[in-house]
Amino acid sequence: SEYSDTKVISMFSGIKKYVSAFGSDLTGDGSADKPFKTIAKADNYYNENTNLLIVIAEGTYSYENNQEMERVAYASNFLITGDTSSISKTIINGYTTIGTESSIIGLTIEYIIARENAKILNSKLIGRNINLTNIDDIIISECIIEGDAPGIKIEYIKTNGKISVINTIISNTKGDYEGAAGITTNDYNQTSGSKLILENVT
């Protein structure tokens, strides 16, 4: 199995499913020993009342998800082993939409649509990057963000909503119009009491 050490996630409460480029959606059952081949297959186990952790082995995957997933974590082997090399070796060509209490951990991905109380941790964003909308409390930490789009685009923050960007590098990004843009916002969509907190962002 490509998942040699699951002790880091042994205390996770909910459903765990594993994905590998060498897995099978036909004969796999989503276990560490018999992983699925596609992330979409693992998504089928999503239940709005249960936590779902999808652990993705190193490889390149095509994936697009428009459904706002709540209490779902998409993670590379970095979550299991702590090996940071897994981040650049686990690539999603496409995008996902994450919602309340959902996370992206240790992945390289083109585009993320994040809402409510989501977390994006230890990841690399390439391409269209991060779109934030309908925000309560978002955390973006230990990330690298680069590509032909605004690094972080803030669409809408709820009253007293908060966006925290911590220990993150934003580089080689572009605005919707001419010029560079690390973080952009629609001023008319901001509400009273909303906060953008930056800590060690370059």
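Ser 102 is buried, at a relative accessible area of 1%; buried denotes under 20%, exposed over 50%, and partly exposed in between (1.4 Å probe, protein chains only). The model is a predicted one, in which local features need pLDDT of at least 70 and side-chain atom pairs pLDDT 80 or more, while totals for chains, interfaces and linings use all residues. Residues are numbered from 1 along each chain as its sequence is written, and side-chain values use heavy atoms, without hydrogens and water.

| Residue | Relative accessible area | Loop lies between |
|---|---|---|
| Ser 102 | 1% | strand E5 (90-98) and strand E6 (103-105) |
| Asp 29 | 35% | strand E1 (15-19) and helix H1 (39-43) |

Strands (at least two residues) and helices (H or I, at least four) are DSSP runs numbered from the N terminus. A polar atom of the Ser 102 side chain lies 3.0 Å from the backbone nitrogen of Arg 71. Asp 29 is partly exposed, and its C-alpha is 8.3 Å from that of Lys 17, twelve residues away in sequence. Beyond neighbours within four places in sequence, Asp 29 is in contact (heavy atoms within 4.5 Å) with Lys 17, Lys 34 and Phe 36.

The largest nonpolar core has 37 residues, and Ile 140 is one of those touching the most other members. Such a core comprises buried Ala, Val, Leu, Ile, Met, Phe, Trp, Tyr and Cys residues joined through side-chain atoms within 4.5 Å. Strand E9 (residues 124-141) gives the most to this core, six residues. Apart from it lies another core of ten residues, including Leu 53 and Ile 87.

How values were computed. Polar contact = N/O pair within 3.5 Å; in protein donor to acceptor, adjacent residues only side chain to side chain.
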